[in-house]
Amino acid sequence: MARGLFVEPFFGGSHRAFAEGLAAHGGHELELLTLPGREWRRRMRLGAQLLAGKAAEVAGEFDFLLVSDMLDLPAFLALTRPRFERTPVLLFMHENQLTYPRLRGTKLNSWFGQINYLSALAADRVAFNSEYHRQDFLGALEQLERQPNNWLTTDGIEAIRGKSTVLPVGVDLASLGDGAEAATGGSPLILWNHRWEFDKAPEAFVRTVSTLAGEGHDFRVAVAGERGDNPSAAMLELPDRLGERLVQFGPVEGRQGYARLLWEADISISSTRHEFFGISTVEAMWCGCLPVAPRRYNYPALVPEALQERCLYEREMELLALTREAILARPDGADRDAVRASAGRFGWEVVGPRWEEALAGLGGAGTFATK
């Protein structure tokens with residue numbers, strides 16, 4: 001068993017869940033060096049400085065460093081030298097700031113993307129949470145390199161490609177139980193379990209369920225997920241639009257309550273503008289929900305191929321049509337078994353040993369096999 005230092009400037013949400021899950025299931029001793037999960041821009045700008053100071057308070061030697069994409073790795077290594085100059089580093093890319101959706105009317109702040117690029121250059125190994133994300137990031141670098149006055153080199157991009165691989169996020173599926181306490185029967189239940197902000201495009205979800213309600217279909221809606229700092233105005237109007245159809249509106253208290261809601265649901269919808277992995281969709285699938293999601297991003301890697309015609313859409317009209325079909329032909333036992341089996345690939349019991357092997361080999365010769 002090796003000892004590692006996990007440096008995470010944004011210890012909140014999925015970043016925190018991953019760090020704690022890896023500490024429990026990754027097969028190595030992990031010391032967590034973190035800052036609270038808020039003000040992500042400030043974390044990327046100042047996190048390296050603040051955590052370099054905190055690192056001085058952490059005793060002992062480490063066999064490896066594991067850092068997240070929110071860290072300015074070159075700055076952290078410079079500010080902590082010479083302590084970690086020979087310690088191998090794995091950078092884990094939850095997301096990246098080159099292709100993350102931006103608010104309409106705002107410009108790309110390439111400095112955050114530059115932090116991701118330089119951190120990937122400085123790391124010994126780079127792991128992405130999905131193959132889609134790996135190709136997305138490398139493609140963005142190649143596109144930017146073709147622009148005038150860029151800050152990239154071809155050799156730098158190829159170096160990142162050569163030391164990159166895919167290591168999925170582990171999802172705590174065991175804590176979702178077996179559905180024994182969930183209520184059964186009643187009208188089909190449509191689930192939204194994402195944040196309510198612009199990057200998740202909740203307006204398309206609201207238009208879809210509002211149209212279906214207007215058509216008179218028999219269904220209920222449960223809206224969970226975090227509101228976020230800037231919740232969609234359309235989502236806030238949903239209680240007036242749906243009335244008694246809306247059986248849940250807001251975050252569910254406790255993991256047990258959240259699990260019960262997922263097991264009671266029949267259909268989960270995503271209308272997002274991006275998805276590097278898709279933890280909330282994996283959770284819903286594990287509980288037997290038929291997902292309706294975009295035919296892009298990482299969703300084709302999550303949804304069983306046999307169900308993709310029923311689950312994945314290109315345009316919003318197809319989102320409406322697929323949701324309507326799912327209401328009329330409620331998912332059966334075979335559907336639920338198929339999506340549960342697909343989601344099961346990402347439980348910590350499966351993913352943990354992959355991380356254990358990757359971290360054990362971090363200090364060895366050679367590079368990750370690319371996919």
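Which unit do E1, helix H1 (residues 13-25) and E2 make? Select them together and you have a right-handed β-α-β unit. Right-handed here means that, with the strands pointing away from you, the path from the first strand over the helix to the second runs clockwise. Helices (H or I, at least four residues) and strands (E, at least two) are DSSP runs, numbered from the N terminus.

Before moving on, note that this is a predicted model, where local features need pLDDT of at least 70 and side-chain atom pairs count only at pLDDT 80 or more, while totals for chains, interfaces and linings use all residues. Residues are numbered from 1 along each chain as its sequence is written, and side-chain values use heavy atoms, leaving out hydrogens and water.

Now colour strand E1 (residues 3-11): 9 of its 9 residues are buried (under 20% relative accessible area, with a 1.4 Å probe and protein chains only). Zoom in on Arg3, whose bridge partner in E2 is Glu29. Next, show strand E3 (residues 64-68), which runs parallel to E1 and is joined to E1 by 4 bridges. Here Leu5 stands opposite Leu65.

Last stop: select helix H7 (residues 202-214) and helix H14 (residues 316-328). They pack at an angle of about 50°, with their axes 10 Å apart. Among the residues in contact (heavy atoms within 4.5 Å) are Ala204 and Leu212 of H7 and Leu319 and Ile327 of H14.

Definitions and conventions:
Buried means under 20% relative accessible area, exposed over 50%, partly exposed in between (1.4 Å probe, protein chains only). Two strands pair if DSSP finds at least two bridges between them. Axes are lines fitted to C-alpha atoms, for helices over the stretch in contact, and angles run from 0 to 180 degrees between N-to-C directions.
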